[in-house]
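Dear colleague,

Please find the structure below, handed over for your use. My notes on it follow directly after.

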Amino acid sequence: MPQAGFAPAALRMVHISRPVLWINTLGTGVVGMWLTGTFWQVEALALLIWLTLPFNLLIYGVNDIFDQDTDALNPRKGSLEGARIRASEVRAIWLAVLVTNVPFLAWFALTLPPAALTWIALYALVFVFYSAPPLRFKARPYLDSISNAAYAFPLVLVPYALGHEPVWAAAVGLMAWSAAKHTYDAVQDIDEDRGAGITTTAVRLGVRGVVAWSGAWWAVSTVCFALVNIPVAVVNALIAGWLLWGLYRDPRPATGHRLYRYSIAFPYVAGTVAGVQLVVALTLGLYR
């Protein structure tokens, strides 16, 4: 690639990786490290770097490659909410995904224990086949939602990489939370997905059905979080309840789009409540 074009191409890949959503991978990895009872471990550095641009480019780059038809119909693409790629970019995206991910995966294979490697492999494969055929979970109702539980996998793989047992209540809670949020956020795309012949959980259930489906998963997550930290559980219940009530009162895809900005803020707020408590506890030696 000519040097003159490197910076614009790199910025394009950053855009495709949706930096506003990096908290779902990097933030979860950091919390996974803190839950081992340590504020910082240099052994986690490679994993945390991988959970920024490389892994998010794998998630969203592959997604954009296989969703070109639906993205072309989606008015929110081409913004911070997701790129709208050109067919001519497909080869460059695949190359960028490989160049940014393969070195990390090779390093992990040489340095990490089998339990961590198993979860890393599941993490990567689930997100590749969320979009890619032949599995393409995205187009399979219920599997599209449940597969997004993989967003919680850093709460498992990071502790295993550091030689610790995961905090399973937190991990399972975040898996349920992620399944709920995926379907909730998909409400705004119901018309575009239906028009492209894609049957997601949101398309299958309809908006009111999504309120019940996501509400059930968010209830499970609240119970699991309560086993670990009551304030996090309370914040989770309040935000989830507010989002669900808004959609219940006005059950339209347009409402889902209007509320999406608050859904994006959800992990930032809940993560801050959890993170601040963990940092204080670790600093004062109250959490080990």
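Is Phe-39 buried, partly exposed or exposed? Phe-39 is partly exposed, because its relative accessible area is 46%, where buried means under 20%, exposed over 50% and partly exposed in between (1.4 Å probe, protein chains only).

This is a predicted model, in which local features need pLDDT of at least 70, side-chain atom pairs count only at pLDDT 80 or more, and totals for chains, interfaces and linings use all residues. Residues are numbered from 1 along each chain as its sequence is written, and side-chain values use heavy atoms, with hydrogens and water left out.

Two helix pairs may interest you. Helix α4 (residues 53-66) packs with helix α6 (residues 90-111) at an angle of about 155°, their axes being 9 Å apart. That makes α4 roughly antiparallel to α6 (over 145 degrees, on a scale from 0 to 180 between N-to-C directions, with axes fitted to C-alpha atoms over the stretch in contact). For α2 and helix α9 (residues 154-161), the packing angle is about 45° and the axes are 8 Å apart. Helices here are DSSP runs (H or I, at least four residues), numbered from the N terminus.

The loops hold some backbone features. Most residues other than glycine have a negative phi, and most peptide bonds are trans. Arg-18, in the loop between α1 (6-16) and α2, has a phi near 55° and is buried, with a relative accessible area of 8%. In the loop between α7 and α8, Arg-136 has a positive phi of about 40°. The peptide bond from Pro-133 to Pro-134 is cis, with omega near 10°.

Notes
Angles under 35 degrees count as roughly parallel, over 145 as roughly antiparallel, 65 to 115 as roughly perpendicular and the rest as oblique.
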